[in-house]
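User: Can you walk me through the ring contacts in this one?
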Amino acid sequence: MTIWALVPLVTSIAYLVLLAVVLLSKRQSITRVFSVFLGAAAFWSFTSFMLHIDAPPEQTLIRHNLLNIALFAAMLMYYQFIRAYTNRRGKLFLIIGYIALALDIFLNLTGQLVTSAYIEDNVVYHTITPVFYSVFILALSFIGVIIYHLVQKYRQSTDPAERNRTLYLVLGWVIVVLSRYTNLSDNPRIYGLPLDHVGNFINAGIIVYAITQYRLIDIKLIARKTLTYVLLFFSMITVYAGAIFIATRIFPAEEMSTIILMATLIVLILAMTARPLRTFIEKRIDRLFYQETYESRLALMGFSRKMGNILNLEELAKSLLPDLAKSLNINKAALLFPDVASGEFSMEYIYPADDHLKTQFKLAADNPVISWLDKNNAQLYLNKLDNLPELKGLWQIEKEQLQKSEMGLLYPIKSRDKLIGIIGLGNKKRGGIYSTEDLDMLISVANQAGVIIENAQLYTQATIRANTDELTRLYNHRHFHERIEQEIARGSRFGNTFSLILLDLDLFKVYNDVYGHLAGDQLLRRLGKILENSIRSIDMAFRYGGEEFAIMLPGTKIEDAYHVAERIRKNIESKSSFRDMPITASLGLANWPTDGVMKEEIIAKADAALYRSKETGRNRTSLPADLNNNSTQIISSELEARPKAMSIIYALAATVDAKDHYTYGHSRKVSEYAVALAEILKLSEEKVETIRAAGLLHDIGKIGVPDHILTKPSALDDEEWEPIKTHPELGVEILKRIMDLVNCLPAILHHHEHFDGSGYPFGLKGENIPLEARILSIADAYDAVTSPRPYRTQLHTEQAVAELKRCAGSQFDPELVDIFCHVIKPEDSPQLKASPETGTE
């Protein structure tokens with residue numbers, strides 16, 4: 001026995017160690033199959049060792065046959081492992097393999113494959129039968145099937161880690177096949193050496209590494225590093241040989257040992273300072289491997305050096321996305337960030353620019369894709385969505401959106417374990433796939449970007465807070481002055497123009513007084529949204545101060561700005577709620593440089609135009625050119641016309657009463673009753689006058705109700721009540737253009753609301769109903785039940801008072817009813833029981 005005979009023993013022991021490692025690792029179906037292969041391989045190596053330990057001649061044949069059986073069994077178990085790894089479902093070839101193994105056992109044990117065997121100089125010599133070649137050909141077919149399955153697995157896989165595992169298995173199997181070739185070689189130097197066991201053990205080690213490691217070393221990376229050190233080694237050898245050659249020519253008399261020593265010293269010195277040479281070689285090899293993507297990869301590797309200078313997300317996108325797309329050789333790269341309010345992830349930056357995709361690609365905060373990225377903190381291949389159980393809940397429309405995006409994978413960007421962004425990568429050009437090195441680079445970039453994004457978001461939030469009005473979310477007064485100076489500077493350089501709109505809400509103080517400051521704040525917020533929805537993305541809206549706003553329109557002439565201002569004015573008017581008094585706005589325009597060159601000139605001109613809109617009746621837009629007109633005459637004529645308009649309104653109120661002779665004088669009496677109650681409550685003189693006018697005009701909307709309904713002698717049915725119920729809103733529509741009557745509108749609009757919320761038009765409840773409307777409601781009902789009607793009995797004062805008290809808390813404010821009844825009921829009259837007939841319109 002020679003030292004080489006110990007190799008199979010060492011290999012069998014190593015197999016058993018590997019088997020223990022596999023059995024102690026995470027138990028999976030593939031590791032169980034692999035452990036069977038390790039056991040068979042250990043048995044094969046051990047039988048080989050037993051064959052080479054100078055066994056008696058009579059035992060050599062049986063040990064040789066056992067070795068053949070163990071070899072075939074190990075190969076079959078390896079095929080079963082590859083079959084499990086590649087997820088092959090068909091069992092026909094496996095069944096054939098087990099039948100062949102049984103036949104191999106039978107033929108070996110009966111001596112029908114090898115008839116004799118002996119060992120000489122640690123070399124096994126045997127005599128085989130023709131049947132042996134049939135078994136050998138069958139074994140070759142298994143070798144071919146294994147290679148075929150591995151190649152198919154590699155081609156079908158898109159996961160770089162899985163492809164690397166497959167490459168490792170291919171490499172290991174090639175080593176096995178090549179090492180087995182030694183048993184067939186006639187070369188006396190290698191024939192008889194147990195290299196097949198060494199190759200098989202290397203293969204087993206590769207498999208263990210491949211199936212137990214989550215991340216693998218990239219084959220491409222290994223090739224680069226190996227090539228680098230091979231070239232470095234050969235460079236040193238060349239220098240060494242060159243030094244000896246030159247020394248022998250220069251110093252022919254010197255002894256060769258001295259020359260070799262000198263050359264060795266030179267090479268050692270070069271080796272210690274070979275870092276620049278290695279770097280040079282690495283760069284050339286990297287250029288060879290990466291070609292046109294080399295510069296971009298180099299830029300990405302230096303990304304950490306630039307990150308300290310990046311302060312906002314736009315800078316990050318410009319610095320990162322182009323290099324990312326070019327270095328990975330993909331068709332696009334994008335950054336997705338969540339919306340602060342909704343949490344919805346949208347594609348804020350994309351390279352190359354794609355406005356359609358940027359607009360359409362959205363991922364809701366509760367989308368399973370977002371949850372998966374947050375939970376797993378790993379890349380998600382979009383072509384594998386159907387293979388992940390967590391993403392089975394995706395809607396079809398969501399899957400189609402992801403497919404139409406042409407994105408290859410998504411990778412989460414996290415900071416402090418919080419998902420703050422997503423990197424989206426497109427598909428590889430020319431149908432390639434992502435390698436492990438690509439993913440390493442992506443992970444490195446994502447980790448660095450997480451810090452930048454968090455800092456950028458904090459910086460952006462601070463900038464937004466500094467430049468934004470917290471109430472309306474529009475830009476604030478300070479930022480207005482910054483931007484107008486920037487626009488003037490830009491216009492001076494490039495010859496551009498811009499227009500400025502100043503806007504002021506009409507009678508906002510009255511609105512605050514009627515509805516309170518909280519309602520006023522809500523109105524300002526609503527106005528901010530109206531402004532944002534009425535202008536272009538390049539336009540800017542500012543809260544200039546209080547109820548004043550400014551809109552800057554870059555590149556817009558005064559004529560176009562006027563159309564924008566009118567659109568804004570009409571949007572404000574049309575979108576004001578009927579629950580409130582109608583809201584209108586006055587606007588003034590100016591243009592740079594037509595109306596001034598300095599900032600102060602432009603603002604002053606727009607402010608003067610705004611003032612003119614206020615003075616000429618509000619709810620209109622004025623141009624700087626309008627200031628040249630005789631505004632004094634216009635204003636005085638407007639003021640002169642107002643009393644005439646009031647007279648017309650009161651005439652209309654009389655017309656409503658005249659339409660139905662049963663209700664003649666109703667408006668006047670309601671006004672008197674309401675004023676009496678208001679005075680008892682000691683309301684201000686302004687409030688009393690408001691209630692007086694509201695009482696006279698509360699039924700003005702009945703002008704729009706058909707006569708046959710108003711004059712119907714019997715009770716109205718449900719269908720006829722519908723037009724009646726619209727008269728408060730119609731009244732507001734008629735009166736809202738008369739600014740002197742704006743204060744009356746809440747009372748007119750809500751005088752048919754009930755205290756318990758069952759009234760109309762909006763079902764307001766309790767003190768949400770304006771005080772003037774609650775007063776008007778009692779006065780209106782009292783006059784209605786005490787006036788003659790053809791469809792009900794007229795009530796006396798005592799009966800009417802009882803009816804009001806009965807409806808207190810449901811239809812009327814109970815406190816106001818008590819006060820009104822005390823005022824209206826004679827003290828010496830006994831209180832009568834209210835009539836069951838009631839009908840207060």
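Analyst: Start with Y673, which is partly exposed at a relative accessible area of 21%. Buried means under 20%, exposed over 50%, partly exposed in between (1.4 Å probe, protein chains only). This is a predicted model: local features need pLDDT of at least 70, side-chain atom pairs need 80 or more, and totals for chains, interfaces and linings use all residues. Residues are numbered from 1 along each chain as its sequence is written, and side-chain values use heavy atoms, without hydrogens and water.

User: And F820, buried or exposed?
Analyst: F820 counts as buried, at 3% relative accessibility.

User: What's the geometry between the Y673 and F820 rings?
Analyst: Edge-to-face, because the planes are at 90°, with centres 6.3 Å apart. Rings of Phe, Tyr and Trp (its six-membered ring) pair if centres lie within 6.5 Å; planes under 30 degrees apart are stacked, over 60 edge-to-face, the rest tilted.

User: Which helices do they sit in?
Analyst: Y673 is in α24 (666–680) and F820 in α32 (814–824), so the pair ties together parts 147 residues apart in sequence. Helices are DSSP runs of H or I, at least four residues; strands are runs of E, at least two; both are numbered from the N terminus.

User: How many aromatic pairs overall?
Analyst: The whole structure has 15. One of them, F93 with F142, is tilted: 4.7 Å centre to centre, 55° between planes.

User: New topic. What's the strand order in the open sheet?
Analyst: β5-β4-β3-β8-β7-β6, with antiparallel pairing. Strands pair if DSSP finds at least two bridges between them. β7 (407–415) and β8 (418–426) pair over eight bridges.
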